[in-house]
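Please look over the chain below before reading on. The paragraphs after it go through selected parts one at a time.

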Amino acid sequence: CVSTVDKELTEKIRGFLAELVSHQSFRGVQNGVVIVIKEPENEILAIVGSPDPHKTAFGAQINMALEHRPIGSTIKPFIYTRAFEIGLRPYSTIEDREYKYDIGTGFALYPKNYDGKYRGTVTAAEALSNSLNVPAVKTLEFVTLPDFYNLFEDKLGFKSLQPLSSYQLGIALGGLEMDPLTLAEFATIFANSGTLKPLKLTNAQTLQTPMSHVDSEKQIFE
């Protein structure tokens, strides 16, 4: 078997990542991950889980590609794609304003956008392209939580750290944790017409690790 991983590309990307982390260190950035997957074959060309695994500070020797982290706004394409499947359209309008949600803590939740501003009536396309938080929450409400749990648990085969029901609408605000390799695998469905394919690490085998979610092609979005 021949590995799909490109050593030269991997080292080049590691250098780019180290430079980026260095430039962002004033913001507290100390680590980073890059995963490169070739489409449509779903071949892993590079996995860089640390800018410098020879260092000892800031968890540099931990392969962060396999560690669960809150995935932030990368969840939004999944929310909107499911919404489009069941009737939302890119030109559908959403009210980006203050909403109050009563949550289990006993305190009210008021979702905010990254800049703290509301934009009034926006289209779904505008909301997604500008990564607006409040419309994402409203779109997840449209999809419904049970439907979205089903997408991740039953269709994608994802196993969350905590029961998905414990995240509630916080999923749309980036609270769900996932390791970057799994996230990269799931993101390939957008390049493969809604189909989730096995990741390939060699020219003859799929990636046989706990992070693999399928051993054959599986249609996720129609």
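Which residues form one aromatic cluster? The cluster consists of Phe 78, Phe 148, Phe 152, Phe 158, Phe 186, Phe 190 and Phe 221. Before the details, some ground rules are needed. The model is predicted, so local features need pLDDT of at least 70 and side-chain atom pairs count only at pLDDT 80 or more, while totals for chains, interfaces and linings use all residues. Residues are numbered from 1 along each chain as its sequence is written, and side-chain values use heavy atoms, with hydrogens and water left out.

Back to the rings. Rings of Phe, Tyr and Trp (its six-membered ring) pair if their centres lie within 6.5 Å; planes under 30 degrees apart count as stacked, over 60 as edge-to-face and the rest as tilted. By this rule there are eight aromatic pairs. One of them joins Phe 78 and Phe 190, whose ring centres are 5.1 Å apart and whose planes meet at 55°, so this pair is tilted. Phe 78 lies in helix 2 (residues 76–85) and Phe 190 in the loop between helix 6 and strand 9, so the pair ties together parts that are 112 residues apart in sequence. Helices (H or I, at least four residues) and strands (E, at least two) are DSSP runs, numbered from the N terminus.

How far a residue is covered is given by its relative accessible area: buried means under 20%, exposed over 50% and partly exposed in between, computed with a 1.4 Å probe on protein chains only. Phe 78 counts as buried because its relative accessibility is 2%. Phe 190, at 39%, counts as partly exposed. Phe 190 also pairs with Phe 221: their ring centres are 6.4 Å apart and their planes lie at 25°, so this pair is stacked. Phe 221 is in the segment after strand 10 (218–219), and the pair therefore ties together parts that are 31 residues apart in sequence. With a relative accessible area of 4%, Phe 221 is buried.

Next comes helix 1. This helix runs over residues 7–23, has 17 residues and reaches 25 Å from its first C-alpha to its last, close to the 24 Å expected at 1.5 Å a residue. The expected span is 1.5 Å times one less than the number of residues. Which residues of helix 1 are buried? They are Thr 10, Ile 13, Arg 14, Leu 17 and Val 21. These residues cover an arc of only 110° around the axis, which puts them on the same side of helix 1; the arc is that of the directions from the helix axis to the C-beta atoms. On the other side of the helix, Glu 8 and Phe 16 are exposed. Strand 1 and strand 2 are among the elements that cover the buried residues of helix 1. At the N-terminal end, Asp 6 caps the helix, with a side-chain oxygen 3.1 Å from the backbone nitrogen of Glu 8.

Strand 1 (34–38) and strand 2 (43–48) have a loop between them, and Pro 40 is in it. The peptide bond joining Glu 39 and Pro 40 is cis, with omega about 5°.

Ser 131, in the loop between helix 3 (124–129) and helix 4 (133–143), has a positive phi of about 50° although it is not a glycine. Ser 131 is partly exposed, at 25% relative accessibility. Ser 193, in the loop between helix 6 (180–187) and strand 9 (195–196), has a positive phi of about 55° and is not a glycine either. Ser 193 counts as exposed because its relative accessibility is 65%.

Helix 4 includes Thr 139, which is buried with a relative accessible area of 3%. Leaving aside neighbours within four places in sequence, Thr 139 is in contact (heavy atoms within 4.5 Å) with Ile 79, Tyr 80, Ala 83, Leu 88 and Ile 94.

Last, Ser 92 is in the loop between helix 2 and strand 4 (93–96). Where along the chain are the residues that Ser 92 touches? Not counting residues up to four places away in sequence, they are Val 122, Thr 123 and Ala 124. The C-alpha atoms of Ser 92 and Ala 124 are separated by 5.7 Å, although the two are 32 residues apart along the chain.

Conventions. Polar contact = N/O pair within 3.5 Å; in protein donor to acceptor, adjacent residues only side chain to side chain.
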